[in-house]
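Biologist: I would like to learn how to read the features of a model such as this one. Could we go through it piece by piece?

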Amino acid sequence: LAIGNAITDIPVLLPDDSLIKELDFLLGSMNHVDAGMAAKVWEKIQGCRVQYIQGGSAANTVVAAAQLGMKCGFIGKIGNDSVGEVFRRGLEDERVECTLFTGSRPSGRAVAFITPPNGERTFATYLGAALEQRPEELDERMFSGYDYLHVEGYLLQCPGVVERAMEIAEGLGMKISFDMGSCGIVKRYREIVHRAVSRYADIVFANELEALEFAS
């Protein structure tokens, strides 16, 4: 079972970098955008060659586990829109059981502008409804029947959700894995990350920068 941000990846093939300049993005950058900019990006990509691919750190992890033959589930939050349904269908097509709440904002999406000549990627990521997960939405029934809980660090942006999920999993005797997500997440939520690792986590995923930030 995984819990995380429900994000749909949207690769957009562009003929050149003129749209990147128009949106005032640095070529090759990762940009977290607000609702206003997300709407502008959405408007600009209408008519472009695009794909819609279920994504997100925890969701990608659990899809890989499902492809290896494990019984898998995912908990997240989407908006009441077609992007959210693409995310749901992507998981269901991989035989992942979905517990997807519906938020008030549009579904999370990561638009990846791909430009010639070398396929440079420039991201505009809007988390939207994914940021609306709340700890009181979680209960033991969602966790029943699973042996492992996988949690992504990005979920720390939803106050109390990581702690509540790990608390339920511990009470059910589940093994808990925690992906720190990024060094920025570790730095911003240092106290909670340390508590999650020391009290709950059996398995921790961290790259070198995340581990150094955690140990500093």
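Modeller: Start with the largest cavity: α2 (35–45), β8 and β9 each supply at least two residues of its lining. Helices are DSSP runs of H or I, at least four residues, and strands are runs of E, at least two, numbered from the N terminus. This is a predicted model, where local features need pLDDT of at least 70, side-chain atom pairs count only at pLDDT 80 or more, and totals for chains, interfaces and linings use all residues. Residues are numbered from 1 along each chain as its sequence is written, and side-chain values use heavy atoms, without hydrogens or water.

Biologist: How many cavities of 30 Å³ or more does the search find?

Modeller: The general idea first: rolling a probe the size of a water molecule over the atoms shows where empty space is left. On a 1 Å grid over the protein atoms alone, a cavity is a set of points where a 1.4 Å probe fits but cannot get out, and lining residues have an atom within 4 Å of a point. Here the whole structure holds one cavity of 30 Å³ or more.

Biologist: Which strands pair with β8?

Modeller: Two strands pair if DSSP finds at least two bridges between them. Strand β2 (residues 7–13) runs parallel to β8, joined by seven bridges. Aspartate 9 has alanine 110 of β8 as its bridge partner. Strand β9 (residues 120–126) pairs with β8 in the antiparallel sense, over seven bridges. There, threonine 115 is bridged to glutamate 120 of β9. The β8–β9 hairpin has four residues between its strands, and glycine 119 takes a positive phi near 70 degrees.

Biologist: Why is β8 largely enclosed by the rest of the structure?

Modeller: Count its buried residues (under 20% relative accessible area, 1.4 Å probe, protein chains only). Seven of the eight residues of β8 (residues 108–115) are buried, so the rest of the structure largely encloses this strand.

Biologist: Which residues have the most contacts inside the largest nonpolar core?

Modeller: In soluble globular proteins, nonpolar side chains tend to be buried together. A nonpolar core is a set of buried Ala, Val, Leu, Ile, Met, Phe, Trp, Tyr and Cys residues joined through side-chain atoms within 4.5 Å. The largest one has 31 residues, with Ile3, Leu138, Phe143, Leu149 and Phe178 making the most contacts inside it. β10 (148–152), α5 (161–171), β11 (175–179), α6 (183–188) and α7 (190–200) each give two or more residues. α5 gives the most, with six.

Biologist: Is phenylalanine 143 buried or exposed?

Modeller: Buried, with a relative accessible area of 1%. Phenylalanine 143 sits in the loop between β9 and β10. Beyond four places in sequence, its contacts (heavy atoms within 4.5 Å) include Leu1, Ile75, Leu149 and Ile168. Counted likewise, phenylalanine 178 touches Met166, Val193, Val197 and Ile203, among others.

Biologist: How much space lies in the largest pocket?

Modeller: A pocket is an open set of points with protein on both sides within 12 Å along at least five of seven lines. The largest pocket holds about 490 Å³. It is lined by 21 residues, and Met30, His32, Thr125, Leu127 and Tyr154 are the closest to its centre. The second largest pocket has about 310 Å³.

Technical notes
Buried means under 20% relative accessible area, exposed over 50%, partly exposed in between (1.4 Å probe, protein chains only). Grid points are joined across faces, edges and corners, and a volume is the space filled by probe spheres set on the points.
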